[in-house]
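I want the overall build first, then a look at one helix.

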Amino acid sequence: MATLLDYCSLVRSKNAGPFTLTLDFMCHDQHTYEALTNTGVLNRTLFAGLFDTSESEILVVNHPHALAVKVSLPRPSVQGDQHDSDCYAGQQYAPLMDLQLPELP
């Protein structure tokens, strides 16, 4: 099995405002971008389960010219809230690093 780092040169999370979290998956090249998007693993169901939110609130956008996939969803808590453990949302990608993907073709 492979991981996201086999497909991506950069996996990151960050704020997209105080209420929205965005995750970026930037692939090594055209081959790995196509392989990643063809797996279908980066989908609303995955992120709804990981971040305990509704699938209807998740946006998954493929950017073929940038060789990237961007996912936006509501932050687990509002930025700066007393229950916010990651003010800049820079660590929210961590649960995805153990995600098992098919070996690259």
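This is a predicted model: local features need pLDDT of at least 70, side-chain atom pairs count only at pLDDT 80 or more; totals for chains, interfaces and linings use all residues.

Entry, layout. I looked up the secondary structure and found 3 helices and 4 strands in the chain. Reading from the N terminus, I get the order α-β-β-α-α-β-β. The radius of gyration is 14 Å, close to the 13 Å that the globule rule gives for 105 residues, so the chain is as compact as a globular protein of that length. I also boxed the C-alpha atoms along the principal axes and got roughly 45 × 20 × 20 Å.

Entry, contacts and surface. I took the contacts with a separation of 6 or more, and 58% of them join residues 24 or more positions apart. The accessible surface is about 5800 Å², with 53% of it on carbon and sulfur atoms. For charges I counted 5 positive and 12 negative side chains, and the centres of the two sets sit 9 Å apart.

Entry, helix H2. Which residues of H2 (residues 30-39) are buried? I found Thr32, Tyr33, Ala35 and Leu36. Down the axis of H2 these fall within an arc of 165°, so they line one face of the helix. The background I jotted beside that: an α-helix has 3.6 residues a turn, so residues three or four places apart point the same way. What do the buried residues of H2 pack against? My list reads helix H1 (4-7) and strands S1 (8-15), S2 (20-27), S3 (59-63) and S4 (68-74).

Terms used:
Residues are numbered from 1 along each chain as its sequence is written. Side-chain values use heavy atoms; hydrogens and water are left out. Helices (H or I, at least four residues) and strands (E, at least two) are DSSP runs, numbered from the N terminus. The radius of gyration is taken over C-alpha atoms; the globule rule is 2.2 Å times the number of residues to the power 0.38. Contact means heavy atoms within 4.5 Å. Accessible areas come from the Shrake-Rupley method with a 1.4 Å probe; for residues, only the protein chains shown count as cover. Lys and Arg count as positive and Asp and Glu as negative; His and the chain ends are not counted. The place of a charge is taken as NZ of Lys, CZ of Arg, CG of Asp or CD of Glu. Buried means under 20% relative accessible area, exposed over 50%, partly exposed in between (1.4 Å probe, protein chains only). The arc is that of the directions from the helix axis to the C-beta atoms.
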